[in-house]
Amino acid sequence: MHTRKLHSAALTLLLCTGLAAAGNAATPQAQARPLEGDYVIRDFHFASGETLPELRMHYAFLGKPKKDAQGRVSNAVLIMHGTGGSGRSLINERFSGVLFGKGQLLDAEKYFIILPDGIGHGKSSKPSDALRAHFPQYSYQDMVAAQYALVTKGLEVNHLRLVMGTSMGCMHTFMWAEAYPDFMDALMPLACLPVQIAGRNRIWRDLAMDAIRNDPQWLKGDYVTQPIAAMRTAAGLLLIAGSAPIQMQISLPTPEAADEFVQKYIQRQLEDLDANDFLYQVNASRDYDPSSGLEKIKAPLLQINSGDDFINPPELGIAEREIKRIKGGRFVLLQASDQTHGHGTHTWAVVWQQYLAQLLEASKAAP
């Protein structure tokens with residue numbers, strides 16, 4: 001996820017399985033500065049049957065772990081980013097600036113906050129490091145398994161106070177809840193649905209992946225320069241998928257403003273996107289489908305979506321239907337307004353922090 005000012009001080013784009021136009025956030029407290037580290041998993045086996053001798057899991061963290069009288073870590077919080085993002089991408093005014101400061105809900109002086117880079121993202125192992133299209137075809141199952149290894153073996157955390165995530169991280173939160181149901185006290189998935197990716201959500205992903213695979217410049221992943229036509233298409237689809245209609249109408253009220261914005265946006269995205277990395281990131285969602293195991297979830301779960309989310313349209317009614325299968329589950333749909341930001345609402349903590357406060361209070365006293 002990259003945050004950039006592309007048109008004016010009033011318009012910020014948020015990349016995280018797409019981009020959401022947004023207005024200015026309230027001035028936050030001074031930003032907490034995370035430390036960073038790497039954990040190398042030896043001989044990692046992927047669900048595809050492929051292996052890597054060394055899988056590097058990069059992470060950022062704030063605070064220190066605390067243990068209770070029984071030796072269980074009581075204050076660890078795992079927060080997972082969205083497609084194209086990294087742990088550091090959540091260190092910004094809208095997210096960490098609202099949550100991690102002194103006296104805030106996830107005060108870094110009280111909590112041990114873990115922000116991993118998923119496989120294929122950030123500074124974790126990814127295709128563009130060297131292997132390109134010969135990198136193992138990782139999936140969400142692999143990403144969650146690697147996160148678990150990082151948390152339990154790399155950081156020696158034996159329990160999580162809270163698991164939460166945005167977009168792809170939202171989907172990983174559901175997977176964590178089912179795979180390790182006794183490992184956490186509370187769950188907060190932001191901006192996803194607990195069913196396989198199908199319909200329009202799958203279609204825009206297919207279009208982006210097909211654009212890369214069908215571009216003659218891609219050369220089956222062995223390109224010397226980025227396949228520019230494919231990346232323009234991919235960047236445009238990301239923009240539409242993450243669009244926020246109300247915010248964009250406010251910030252781009254004329255044809256000229258919208259045209260200028262698109263040109264600047266595409267140019268900046270072309271500076272950062274890598275075709276192989278992006279292709280792998282989008283394709284990793286192919287195995288996602290927690291719907292058959294929702295009854296396994298034990299910890300209180302509070303799911304939040306936004307009414308202007310193109311990727312997870314509320315009119316499908318899926319979240320309302322599936323949440324009934326989760327004991328202790330609750331779903332909140334934020335009504336679209338000039339305070340929401342499309343799919344990117346997941347990163348505007350000021351909009352939903354009151355619900356996080358309720359979840360923390362209901363699940364267990366804060367450390």
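**Chat on a predicted model**

Colleague: How many disulfides does the structure hold?
Modeller: One. Bear in mind that this is a predicted model.

Colleague: Which residues does the disulfide join?
Modeller: C170 and C192, with an S to S distance of 2.0 Å.

Colleague: Where do the two cysteines sit in the chain?
Modeller: C170 is in helix α3, residues 168-179. C192 is in the loop between β9 (187-190) and α4. They are 22 residues apart, so the pair counts as linking distant parts of the chain.

Colleague: Is that link left-handed or right-handed? What's the angle about the S-S bond?
Modeller: Left-handed, with -65 degrees about the S-S bond.

Colleague: And are C170 and C192 buried or exposed?
Modeller: Both are buried.

Colleague: Switching to helices. At what angle do α4 and α8 pack?
Modeller: About 150 degrees, with the axes 10 Å apart. Here α4 covers residues 199-213 and α8 covers 275-283. The crossing of α4 past α8 is left-handed.

Colleague: Which residues make the contact?
Modeller: From α4, R205, A208, M209, I212 and R213. From α8, A275, F278, L279, V282 and N283.

Colleague: How does that contact split by class?
Modeller: Seven nonpolar residues, one polar and two charged.

Colleague: Now the strands. How many bridges join β4 to β5?
Modeller: 10, and the strands run antiparallel. β4 spans residues 35-45 and β5 spans 51-62.

Colleague: What's between β4 and β5?
Modeller: Five residues, and the two strands form a hairpin. In the turn, G49 has a positive phi of about 100 degrees.

Definitions and conventions
Residues are numbered from 1 along each chain as its sequence is written. This is a predicted model: local features need pLDDT of at least 70, side-chain atom pairs count only at pLDDT 80 or more; totals for chains, interfaces and linings use all residues. Side-chain values use heavy atoms; hydrogens and water are left out. Axes are lines fitted to C-alpha atoms, for helices over the stretch in contact, and angles run from 0 to 180 degrees between N-to-C directions. Helices (H or I, at least four residues) and strands (E, at least two) are DSSP runs, numbered from the N terminus. A crossing is left-handed if the near helix is turned anticlockwise from the far one by less than a right angle, and right-handed if clockwise. Contact means heavy atoms within 4.5 Å. Ala, Val, Leu, Ile, Met, Phe, Trp, Tyr, Cys and Pro count as nonpolar, Asp, Glu, Lys and Arg as charged, and the others, Gly among them, as polar. A disulfide is a pair of cysteine sulfur atoms within 2.5 Å. Buried means under 20% relative accessible area, exposed over 50%, partly exposed in between (1.4 Å probe, protein chains only). Two strands pair if DSSP finds at least two bridges between them.
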